[in-house]
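Visitor: I'd like to learn how to read a model like this one. Could you walk me through it, feature by feature?

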Amino acid sequence: MFGYYFDPTYILVLIGALLCIFASSRVNSTYRKYAKVRSYSGMTGAEAARRILQMSGIYDVQVKHVSGDLTDHYDPTRKVLNLSDSVYGSPSVAAIGVAAHECGHALQHRDGYLPLKIRSALVPAANIGSRLGLPIVILGLVLGFGFELPGGAYFSLAQIGVWIFALAVLFQIVTLPVEFDASGRALDMLGSYGLMNQGEVKDCKRVLSAAALTYVAAAASSILQLLRLVLLTGGRRRDD
């Protein structure tokens, strides 16, 4: 199997895993810290979200509760802003910051923010890439199967799997500007709408920066995995 299970490229996977572990630990510790800090306004995450949407002139987005911890997300297809257990009813600085971030996505949707449109369009392809890319690569390495085009070009099944997996990597990369922009909008609105004082906005920035690190780590991990697959399949030739 060409050393698939025992090859030096596993170091790339290890680096990616360590990055994700570090980012997850960072966001959890930062969120827990500021989840204990009550906002001066006393508003809950849900109340802050509704206030931000109203002050931004958005009246067709619902704010709902969703179970789980930090499972907050904005659903553009249903125009629903879902806030998790730790955010919806909490008056903490961290909760309001996360709620404001999700409002940032609602504003992106309203404004037709291009990276958000691209990310939404990539969702089906990214799902296929994340589910099928790696299995196809493995199958290709095991079987050594490929396709020859009329012009004589030859593509192995493993290489095709790499291209499919690359769709998931592209999604991760496009996600970065979407998340950074949403956090920037959130911090601007919290300050300009008078929902938080300057010190609280700084605390929210720490929370959102830690959260953004998880997206950076996920993208880096995906890129490293893609690089590993390229290295594994790059040496394959039709006559192997």
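Visitor: Let's begin with the sheet: in what order do the strands lie?

Guide: In general, strands of a sheet pair through backbone hydrogen bonds, either parallel or antiparallel. Here three strands form an open sheet with mixed pairing, in the order E1-E3-E2. Strand E1 (62-65) and E2 are at the edges with a single partner strand each, so one side of each has no neighbour in the sheet. Direction ignored, neighbouring strands of this sheet are turned by 25 degrees against each other on average. Strands here are DSSP E runs of at least two residues, helices are H or I runs of at least four, and both are numbered from the N terminus. Two strands count as paired if DSSP finds at least two bridges between them.

Guide: One housekeeping note: this is a predicted model, where local features need pLDDT of at least 70 and side-chain atom pairs count only at pLDDT 80 or more, while totals for chains, interfaces and linings use all residues. Residues are numbered from 1 along each chain as its sequence is written, and side-chain values use heavy atoms, with hydrogens and water left out.

Visitor: In which sense do E1 and E3 pair?

Guide: E1 and strand E3 (residues 80-83) pair in the parallel sense, over four bridges. For instance, Gln62 has Val80 in E3 as its bridge partner.

Visitor: And how do I read helix packing? At what angle do H1 and H4 pack?

Guide: Two packed helices are described by the angle between their axes and the distance between the axes. Helix H1 (residues 10-35) and helix H4 (residues 93-111) pack at about 120 degrees, their axes 6 Å apart. Axes are lines fitted to C-alpha atoms, for helices over the stretch in contact, and angles run from 0 to 180 degrees between N-to-C directions. H1 and H4 are therefore oblique to each other; under 35 degrees counts as roughly parallel, over 145 as roughly antiparallel, 65 to 115 as roughly perpendicular, and the rest as oblique. Tyr31, Tyr34 and Ala35 in H1 meet Val93, Ala94, Ala95 and Val98 in H4, contact being heavy atoms within 4.5 Å.

Visitor: What about H1 and H7?

Guide: H1 packs with helix H7 (residues 198-234) at about 170 degrees, with the axes 8 Å apart. That makes H1 roughly antiparallel to H7.

Visitor: Last one, pockets. Which residues lie nearest the centre of the largest pocket?

Guide: Rolling a probe the size of a water molecule over the atoms shows where empty space is left. The largest pocket is lined by 26 residues, with Asp72, His101, Glu102, Glu179 and Tyr215 nearest its centre. A pocket is an open set of points on a 1 Å grid over the protein atoms alone, where a 1.4 Å probe fits, with protein on both sides within 12 Å along at least five of seven lines; lining residues have an atom within 4 Å of a point. H7 gives the most to this lining, with six residues.
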